[in-house]
Each structure stands twice: as C-alpha cells, then as structure tokens.
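Let's go through this model together and ask what stands behind each label.

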Amino acid sequence: QVQLVESGGGSVQAGGSLRLSCAASVSIYSFACTGWFRQAPGKEREGVAVLCTADWSTYYADSVKGRFTISQDNAKRTLYLKMDSLKPEDTAMYYCAAGRVTSTATMAVRRMTDFEYWGQGTQVTVSS
C-alpha cells in the first residue's frame, strides 16, 4: 500500500522560505512522476511542480518559476519542494502526488489523473 505523508508547512511572512517534504512508503524509483499541487479556498487544484524520471523533465507553474524547486532523495524515499520568496498568493493547501504512468512533466501536470497516489496535504500560509 502506497502512502505519502507531507510535512513542513506552516505560517511565514512574505519573502520567507519553507521546505515541504513528502515521505513515501515505497521507493521513489517505483514512480514515473512525482509532483506538488496546491489548492486555495474557492479555487481549483493546480500543479505547482512536477518531476518525471523517464526524461528527468520538470514542470513549474509560471507563478512559481525561479522561486520553487522540486527535488527528490531516493535513499530517503522523500520528495521535496523548496519554496523561496514566498508571496501571500502562495497561501494554499499543498499536496504531494505520485504516479506510475510514464510521461513528461508537462504532460503529466495536465493529466492530473495520472497521479494515482496523494498525500493528505500540508497548509502553507504566507502573510504580508
């Protein structure tokens, strides 16, 4: 049974940084793509950052390019999202996700259903 558990969320002032972690119960090598999504109140869930290992491609939402970095540590079975220069509009529930469908990162973020496994979410609140 695959489980993903996020941690690292919290409250931070604008301009600050956070690093989200997502611990997997299985080897990250078993996933074709991993990613981070977020959902703010009243808004649809959106892809923030995705990494696919078939071609080691990455996707970043335009709103986070240059500020967020996705990475993974296979030995620790952990996915990370480093978030710098945080803005109030980054406030949302952040979810990690993983899937075994081979894809590129750009295609995977469009087909959210390719991500079979989801964490429970961790709240990020950025104050101005």
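A cavity here is a set of points, on a 1 Å grid over the protein atoms alone, where a 1.4 Å probe fits but cannot get out. This is a predicted model, in which local features need pLDDT of at least 70 and side-chain atom pairs count only at pLDDT 80 or more, while totals for chains, interfaces and linings use all residues. Residues are numbered from 1 along each chain as its sequence is written, and side-chain values use heavy atoms, with hydrogens and water left out.

Q: How do you know how much space lies in the largest cavity?
A: Grid points are joined across faces, edges and corners, and the volume is the space filled by probe spheres set on the points. That gives about 50 Å³ for the largest cavity. The structure holds one cavity of 30 Å³ or more.

Q: Which classes does the lining of the largest cavity have?
A: Ala, Val, Leu, Ile, Met, Phe, Trp, Tyr, Cys and Pro count as nonpolar, Asp, Glu, Lys and Arg as charged, and the others, Gly among them, as polar. The lining has nine nonpolar, one polar and no charged residues.

Q: Why is tyrosine 60 called buried?
A: Buried means under 20% relative accessible area, exposed over 50% and partly exposed in between, with a 1.4 Å probe and protein chains only. Tyrosine 60 has 18% relative accessibility, so it counts as buried. Tyrosine 60 is found in strand β6 (residues 57-60).

Q: What makes tyrosine 60 and isoleucine 70 a polar contact?
A: A polar contact is a pair of N or O atoms within 3.5 Å; within protein, one must be able to donate a hydrogen and the other to accept it, and residues adjacent in sequence count only if both atoms are side-chain atoms. A polar side-chain atom of tyrosine 60 lies 2.9 Å from the backbone nitrogen of isoleucine 70.

Q: Why is arginine 77 called partly exposed?
A: Arginine 77 counts as partly exposed because its relative accessibility is 37%. Its place is in the loop between β7 (68-73) and β8 (78-83). Arginine 77 also has a positive phi of about 55°, although it is not a glycine.

Definitions and conventions:
On a 1 Å grid over the protein atoms alone, a cavity is a set of points where a 1.4 Å probe fits but cannot get out, and a pocket is an open set with protein on both sides within 12 Å along at least five of seven lines; lining residues have an atom within 4 Å of a point. Helices (H or I, at least four residues) and strands (E, at least two) are DSSP runs, numbered from the N terminus.
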